[in-house]
Amino acid sequence: MVKLRLKRCGRKQRAVYRIVAIDARSRREGRDLRKVGFYDPIKNQTYLNVPAILYFLERGAQPTETVYNILKKAEVFTP
């Protein structure tokens, strides 16, 4: 099963996250299928590749709770 989840990047005490499509059995820093976004909680910046995200969601990818909240805030789920 494929999940959309956060992958930690950046340095100590200054985390930034990539939103990636990854196999559910992989570890957090494991090899991802595709990078589909970026999230910086300190500057509160978000970049989303919406067509890629919708591609994975249509094929059954499950977002984690945090990624779901980021996508909902960016209004990806509006019809």
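Which residues are buried in α1? In this predicted model, the buried residues of helix α1 include Ala-52, Ile-53 and Phe-56. These three cover an arc of only 100° around the axis, which puts them on the same side of α1. In general, an α-helix has 3.6 residues a turn, so residues three or four places apart point the same way. On the other side of α1, by contrast, Pro-51 and Glu-58 are exposed. Just after α1, the backbone at Gly-60 adopts a positive phi of about 95°.

Five strands make up an open sheet, in which the order is β4-β3-β2-β1-β5 and the pairing is mixed. Strands β4 (45-48) and β5 (62-63) stand at the edges, and each has a single partner strand, so one side of each is left without a neighbour in the sheet. Helix α1, which spans residues 50-58, packs on this sheet and touches β1 (2-11), β2, β3, β4 and β5, while its direction makes about 120° with that of β3. Helix α2, formed by residues 65-73, lies across β1, β2, β3, β4 and β5 and runs at about 90° to β1.

In general, the strands of a sheet pair through backbone hydrogen bonds, and they do so either parallel or antiparallel. Strand β3, comprising residues 34-40, is joined to β4 by four bridges, and the two strands run antiparallel. Within this pair, Gly-37 has Leu-48 of β4 as its bridge partner.

A further position of interest is Asp-23, which is found in strand β2, a strand covering residues 14-23. Is Asp-23 buried, partly exposed or exposed? Its relative accessibility is 22%, and Asp-23 therefore counts as partly exposed, given that buried means under 20% relative accessible area and exposed means over 50%. When residues up to four places away in sequence are not counted, Asp-23 touches Met-1 and Arg-5. Asp-23 and Lys-73 are 50 residues apart along the chain, and their C-alpha atoms are separated by 24 Å.

How values were computed:
Residues are numbered from 1 along each chain as its sequence is written. This is a predicted model: local features need pLDDT of at least 70, side-chain atom pairs count only at pLDDT 80 or more; totals for chains, interfaces and linings use all residues. Side-chain values use heavy atoms; hydrogens and water are left out. Buried means under 20% relative accessible area, exposed over 50%, partly exposed in between (1.4 Å probe, protein chains only). Contact means heavy atoms within 4.5 Å. Two strands pair if DSSP finds at least two bridges between them. Axes are lines fitted to C-alpha atoms, for helices over the stretch in contact, and angles run from 0 to 180 degrees between N-to-C directions. The arc is that of the directions from the helix axis to the C-beta atoms.
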